[in-house]
Amino acid sequence: MVSQILHSMLGFVKSPVSVTLSQVTGRLYITWGIMWSFPEAQSHILLTTLVLTWSITEVIRYSFFAIKETFGSEPFWILWLRYSTFLVLYPIGFLGEVGLIFIAMPSMKASGKYCLRIPNKWNLSFDYHNMSAVLMTLYVPGFPYLFCYMLAKRKKVLSAAKIS
């Protein structure tokens with residue numbers, strides 16, 4: 001996952017660093033910071049939904065790259081899947097991610113997990129519950145940004161494919 005950010009920074013892939021960074025950090029946060037850390041998120045139906053959407057996305061994505069690298073080009077059907085399934089999968093993934101954060105928040109607050117309270121030797125405080133609430137609000141502008149980026153990319157790629 002982290003290599004995806006590096007690949008974007010070095011220009012190995014065409015994705016903007018901002019898009020790649022937001023997707024990778026979001027997945028790392030949800031995977032480790034929510035699903036792994038809070039048992040109520042592990043047993044919720046939203047986890048199944050989220051894992052399915054992420055899995056479908058990655059199977060299509062890597063199949064697309066494998067076909068393109070193996071044969072030098074890709075058939076239109078895999079190109080269409082690569083740039084169209086997000087229309088359904090992004091909103092489902094968004095709801096799954098935000099839903100799992102919301103599900104875990106009461107346990108975050110009650111347990112104080114990953115919190116740093118004053119007094120301590122650094123005289124700093126950190127509240128994971130509050131940080132998660134802020135991150136959850138960042139999904140509000142983040143989702144339309146990523147979705148609009150993918151809509152523009154879809155239009156550009158599919159238009160070019162129809163011309164050639």
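Apart from residues up to four places away in sequence, R82 touches I60, R61, F64 and F65. The structure described here is a predicted model. R82 belongs to helix α5, which covers residues 76-84. Although R82 is buried, no salt bridge is found for this residue. The nearest side chain of opposite charge is that of E58, at 7.7 Å.

A nonpolar patch on the surface is formed by L6, M9, L10, F12, V13, V17 and L21. Together, these residues have about 660 Å² of accessible area. Two elements, α1 (2-10) and α2 (17-36), each give two or more residues to the patch. Helix α1 supplies the largest share, with 3 residues.

V13, a member of the patch, is located in the loop between α1 and α2. The relative accessible area of V13 is 35%, so this residue is classed as partly exposed.

H7 lies in helix α1. With a relative accessibility of 33%, H7 also counts as partly exposed. When neighbours within four places in sequence are left aside, H7 is in contact with F12 and V13, both of which are residues of the nonpolar patch. A further distance was computed between H7 and A66, which are 59 residues apart along the chain. The C-alpha atoms of H7 and A66 are separated by 17 Å.

Note on methods
Residues are numbered from 1 along each chain as its sequence is written. This is a predicted model: local features need pLDDT of at least 70, side-chain atom pairs count only at pLDDT 80 or more; totals for chains, interfaces and linings use all residues. Side-chain values use heavy atoms; hydrogens and water are left out. Helices (H or I, at least four residues) and strands (E, at least two) are DSSP runs, numbered from the N terminus. Buried means under 20% relative accessible area, exposed over 50%, partly exposed in between (1.4 Å probe, protein chains only). Lys and Arg count as positive and Asp and Glu as negative; His and the chain ends are not counted. A salt bridge is a side-chain nitrogen of Lys or Arg within 4 Å of a carboxyl oxygen of Asp or Glu. Contact means heavy atoms within 4.5 Å. Patches are made of residues with over 30% relative accessible area and no salt bridge: like charges are joined within 9 Å, nonpolar side chains (Val, Leu, Ile, Met, Phe, Trp, Tyr) within 5 Å. Accessible areas come from the Shrake-Rupley method with a 1.4 Å probe; for residues, only the protein chains shown count as cover.
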